[in-house]
Amino acid sequence: MNNPLIPKKIRKNILDMSFSGSTVHLGCSLCLVEILAVIYRNHLNYDFFDPLDPKRDFLILSKGHGVMAQYACMKELGWLDKKRLLNYFSDGSTLKGLADSSVPGIEVSSGSLGHGLSVGVGIAFGHHLQKVNQKTFIIVGDGELNEGVCWEAIQFAGHHQLQNLLIVVDKNNFQAMGATSEIINQDNLKNQIESFNFNVEDVDGHNEHELDQAIQGLFALRNNKPNCIVANTIKGKGISFMENNNDWHYLRLDQALYDSARSELEI
Amino acid sequence: MRDTFSSKLLELAKSNPQVLLLTGDHGYGLFRDLRAAKPQQFINMGIAEQNMVSMAAGLSRVGFNPIVYALSAFIPIRVLEQIKLDVCHDNAPVIFIGDGAGFVYSHLGSSHQSTEDIAVTTAIPNLIVMSPGDRFELSRCMDLAITANSPVYIRLGKGDRGDVHSQNLDFNLGDLIFLKKPTDVATTATLVATGSMLAMAAMLCQRFPSLGLVSAPSLKPINNSQIRDLCLNNHTIITLEEHSIFGGLGSIISDVAATVAHATVKKLGIQDRFSEYCGSYEYLLNEHKIDFDSLKDAIKHHIPGLD
């Protein structure tokens with residue numbers, strides 16, 4: 001692939017989209033960048049010219065609120081042009097506020113939480129039945145795991161030994177209204193998910209090398225267990241005044257804040 | 001009807017290896033033949049209906065034709081959002097079978113009774129909604145569903161009310177089936193029934209021989225021009241369903257009738273209430289005033305000159 005998916009460039013795309021469309025959900029998009037970059041760059045098997053190739057691996061963003069990060073990557077891949085990207089959130093745009101399956105490259109409509117995980121487990125189970133060598137990557141949020149249906153999907157995947165599956169938990173320790181520690185504590189995820197017959201690795205979700213090694217190592221196990229990475233991330237990562245400031249789930253950029261944020265991303 | 005469902009399911013599974021029956025741990029006896037002949041096409045998904053529906057969407061994405069079975073109290077009611085977003089938004093060809101609709105589980109109470117499923121499913125884009133009235137209608141509905149290439153909800157109610165038709169049917173999706181024309185020119189009234197109430201309507205037509213009789217096995221789409229003709233050719237249309245009077249067959253017919261402004265539509269079904277009592281199926285029909293005698297009285301009330 002020609003495009004190395006540089007995190008700073010992806011974050012710039014996110015800022016440009018957010019400022020242009022005056023949008024929310026910056027914090028939960030910025031924390032996803034390295035996870036998406038590593039999966040697209042090193043692990044996802046897909047046709048560069050055809051996001052709908054039936055032989056592709058599936059990448060599902062179940063936490064649809066982070067869709068700006070995926071659109072930003074799709075821009076780098078050449079699947080979205082700049083004009084369309086900057087039209088995000090605007091009147092008549094097909095790039096809706098949350099992930100929408102009508103956009104080639106976005107597999108599942110999500111944002112109502114807990115859907116993408118089960119749809120993805122369905123895809124992985126289908127490939128398992130067909131005995132084909134296609135992988136499914138699903139990114140869920142730690143707040144999203146409040147949804148009971150997530151655990152229905154996890155127990156099914158464990159029982160049916162879907163070793164073609166990788167769930168990445170974007171564990172940024174926040175959800176819409178506050179810290180997960182104050183709402184539904186998610187500090188025992190590794191043990192909880194392991195207990196459903198998963199292989200689980202706990203990594204720094206902004207360290208591309210760690211992410212890369214963990215993904216490679218988990219899929220190499222082939223021990224009839226599905227795989228999970230608990231990726232410890234920082235909500236708002238990359239922009240100092242947004243990091244771990246949950247207000248940036250909902251705040252919008254003005255010109256001064258945009259300029260300030262943009263200045264932190266100079267390469 | 002249940003034997004027809006089982007044998008038709010086996011036939012579909014044998015003819016298409018992509019057909020997968022998913023059940024939410026229900027329907028033990030129904031799938032005996034399928035499990036014996038095609039065990040790899042039967043999957044018990046556990047008591048986890050939300051996951052079952054979303055996974056069906058995923059399975060359809062990679063080439064399978066899932067048929068999702070549960071009680072209609074759970075599919076579609078418990079999982080409506082999964083049906084809307086994961087299946088219907090993507091127009092995925094998943095067939096939902098909602099069994100035990102209406103008051104089949106008369107002894108178990110409101111958790112297992114389903115009288116609002118037509119109302120909510122017909123409001124979801126892309127979703128075809130069918131409510132067969134006997135085994136011949138069911139067989140045709142399943143053929144239409146498997147070839148629809150679209151999401152389908154098939155509502156199965158009380159299955160032992162007897163046949164109304166006497167042979168295989170070949171109606172098109174949306175068609176009303178005209179079984180009998182009204183014969184009294186003074187009253188010109190027709191009963192339009194769906195699902196379990198078709199057999200009841202046929203009995204009521206024996207009691208009131210001048211009434212016309214129409215079956216509506218397909219509720220969405222539904223043939224609007226046939227409904228308009230019905231409105232133009234009748235003074236009174238009486239709809240009959242084991243479903244709420246809000247949003248079911250009666251509402252669907254009334255919506256079209258309102259554009260014709262000729263016939264009066266009287267809706268017979270379940271009033272806006274839950275079951276208060278436990279009891280036999282017949283007892284529950286009586287509690288909700290959709291047993292034979294209550295319906296007979298209601299029809300006489302609506303059409304005073306009727307013999």
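This is a predicted model: local features need pLDDT of at least 70, side-chain atom pairs count only at pLDDT 80 or more; totals for chains, interfaces and linings use all residues.
Local features were taken only at pLDDT of at least 70 and side-chain atom pairs only at pLDDT 80 or more, whereas totals for chains, interfaces and linings use all residues. Residues are numbered from 1 along each chain as its sequence is written, and chains are lettered from A in the order in which they are written.

The largest nonpolar core comprises 174 residues; such a core is a set of buried Ala, Val, Leu, Ile, Met, Phe, Trp, Tyr and Cys residues joined through C-beta atoms within 7 Å. B:Val68 and B:Ala201 have the most contacts inside this core. The core lies between domain 1 (2-155) and domain 2 (177-302) of chain B, because both give residues to it; the bounds come from an automatic or database domain assignment. Not counting residues up to four places away in sequence, B:Ala201 touches B:Leu191, B:Ala193, B:Leu213 and B:Leu240 (contact: C-beta atoms, placed from the backbone, within 7 Å).

In strand 4 (residues 95-99) of chain B, five of five residues are buried (20 or more other C-beta atoms within 10 Å of the residue's own, placed from the backbone). Strands (E, at least two residues) and helices (H or I, at least four) are DSSP runs, numbered from the N terminus. B:Ile95, B:Ile97 and B:Asp99 point one way from strand 4, and B:Phe96 and B:Gly98 the other.

Strand 4 of chain B pairs in the parallel sense with strand 3 (residues 65-71) over five bridges, pairing requiring at least two DSSP bridges. B:Ala70 stands opposite B:Gly98. Strand 4 also runs parallel to strand 6 (residues 152-155) of chain B, joined by four bridges, with B:Phe96 opposite B:Tyr153.

Notes
A residue is buried if 20 or more other C-beta atoms lie within 10 Å of its own, exposed if 12 or fewer, and partly exposed in between; C-beta atoms are placed from the backbone. Two residues are in contact if their C-beta atoms, placed from the backbone, lie within 7 Å.
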